[in-house]
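Colleague: Please take a close look at one part of this predicted model. I would like to hear about a charged residue and the contacts around it.

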Amino acid sequence: MHGRECSLLGVITVTIAIVAVLLYDKGSFPTKQSSLTKTNPPASSSSRPRRSKKRFANMSLEKLMEKFLEQSMEAEDNFYRLEEQRLQAEDKRREEEHSRELQMLQMLGQIFAGISTSSPATPQPSCIPQTNPTVPLMRPSFGNRNHPSALNEFASHSQPAGPGLLMEEGDAKFIERSFSLGTAGMDSVIPLVRKTIPPLTSKKHKGQDGRIGIIGGCQEYTGAPFFAAISALKVGADLSHVFCTKEAAPVIKSYSPELIVHPVLDSPNAVEEIEKWLPRLHSLVVGPGLGREDMLLKNAKEIIERSKLRGIPIIIDADGLWLVAKEPSVIQGYQRGILTPNFMEFTRLYEAMHHEPLDSTDHKRSAQQLSIAMGNLTMVLKGEEDIITDGKNILTCSQEGSGRRCGGQGDLLSGSLGVFAHWAFNSPPDATKGMNPSLVAAFGATSLTRQCNRQAFHKHSRSTTTSDMIQEISSAFKKLFES
């Protein structure tokens with residue numbers, strides 16, 4: 001019998017007992033007693049003495065209620081204890097299934113690798129790249145972290161990869177490992193995101209869970225940096241800084257007292273002023289409301305270069321992507337960099353790198369090719385489904401959102417991604433189970449943005465705005481990562 005049924009049975013039993021005692025004390029059975037008196041002969045003096053009243057009869061109403069509450073709480077405790085045991089058993093079962101799956105993938109990789117190495121000299125298309133037996137099967141490190149080789153996905157064209165679809169780029173063969181929420185995604189990636197989220201404890205100090213910097217905000221665009229900065233705070237960052245132009249600062253400050261606003265982005269010594277804050281920042285979001293003035297783009301470029309020297313995760317969106325399309329080297333090959341283009345921005349980046357029109361029939365392949373061209377930079381292609389790739393692995397986030405595409409949603413994504421990136425890169429090495437922390441962070445941010453969109457649209461329908469979505473961050477975060 002399940003815990004819930006035990007709890008309900010206990011409550012019903014105690015309630016019946018209380019009602020029965022109260023009715024008995026008030027003499028609520030006169031008809032039955034009179035009929036018994038007429039039909040039964042008088043009891044002799046030698047007959048058995050009358051049974052004493054039930055054990056609840058002499059108890060006051062207050063005592064009965066205390067007994068009732070005590071047994072109810074006990075039944076509730078039993079239910080929660082059994083439910084916790086069930087959840088622990090379910091988690092253990094999933095981990096065992098995941099372990100068996102990995103072992104099977106490793107065996108298949110070895111089998112296919114053996115087949116490919118023993119094939120004739122004439123090369124034939126194969127689903128698994130050939131393996132060099134002298135190269136150990138290891139995952140590459142991301143940033144300064146060393147990850148265990150739990151997933152034998154390829155690190156180069158000489159190593160075997162996991163299951164999926166064959167994709168070729170020149171001489172290299174790449175294997176797609178795809179996830180989507182509702183199937184493998186929820187089971188495989190969301191738990192990894194949860195493990196990177198730091199617990200809330202009274203022992204922490206202000207700033208420990210994230211100090212995020214936003215580079216952007218000019219006279220024309222003040223909403224975008226605000227959306228990114230306030231989203232970072234609501235996701236869980238402790239402090240959120242906005243480095244904007246002098247004209248934009250008073251406007252952004254008026255939106256919220258929660259933000260720290262620096263009016264320095266267009267000053268003559270902007271780079272030096274912002275560089276002083278870099279040691280205090282955990283991640284940087286470049287682009288929301290940046291604009292395309294040459295001076296602002298030049299300052300943003302220099303800030304990116306100096307942030308790279310410190311190993312800070314850098315998320316580039318909006319006008320920051322315009323800068324990358326013009327000068328890809330500014331972020332190319334930086335393993336803690338994440339680009340978040342929409343389709344138009346992605347098209348511009350793709351054609352700038354490949355010097356040919358984009359093939360819009362296969363977005364996953366195109367995203368993977370662009371990531372490889374950018375030095376295996378993590379790419380988040382926003383669309384009907386969000387495609388996340390580092391050139392080696394592909395994740396697809398298909399969490400239900402809505403058809404509403406109001407401006408500012410990308411700023412919510414980039415701001416929250418700044419927080420998730422800090423958490424992922426600073427989590428224990430086994431938290432992501434060997435997966436690139438950038439992929440885990442991006443999956444968490446895209447899932448959250450879509451869930452916020454869905455919840456806001458449910459309330460406001462066609463009138464949904466990004467401000468409505470930001471109000472849903474708390475409940476969406478709980479639903480996805482804390483339920």
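Modeller: Glu275 has a relative accessibility of 26%, so it counts as partly exposed, since that class lies between under 20% for buried and over 50% for exposed. The side chain of Glu275 meets that of Arg306 in a salt bridge, with 2.5 Å from N to O. This pair links distant parts of the chain: Glu275 belongs to helix H8 (residues 270-275) and Arg306 to helix H9 (residues 294-309), and the two are 31 residues apart. Arg306 is also partly exposed, at 22% relative accessibility.

Lys308 forms a salt bridge with Glu305, and their closest N and O atoms are 3.4 Å apart. Lys308 and Glu305 are three residues apart in helix H9, so about one helical turn separates them. Glu305 is partly exposed, with a relative accessible area of 27%.

A further example lies elsewhere in the chain. Glu472 and Lys459 form a salt bridge, the closest N and O atoms being 2.8 Å apart. Glu472 sits in the loop between helix H15 (466-470) and helix H16 (473-482), while Lys459 is in helix H14 (residues 437-460), so the bridge ties together parts that are 13 residues apart in sequence. Here Glu472 counts as buried, at 6% relative accessibility, whereas Lys459 counts as exposed, at 57%. In the whole structure, a search finds 11 salt bridges.

How values were computed. Residues are numbered from 1 along each chain as its sequence is written. This is a predicted model: local features need pLDDT of at least 70, side-chain atom pairs count only at pLDDT 80 or more; totals for chains, interfaces and linings use all residues. Side-chain values use heavy atoms; hydrogens and water are left out. A salt bridge is a side-chain nitrogen of Lys or Arg within 4 Å of a carboxyl oxygen of Asp or Glu. Helices (H or I, at least four residues) and strands (E, at least two) are DSSP runs, numbered from the N terminus. Buried means under 20% relative accessible area, exposed over 50%, partly exposed in between (1.4 Å probe, protein chains only).
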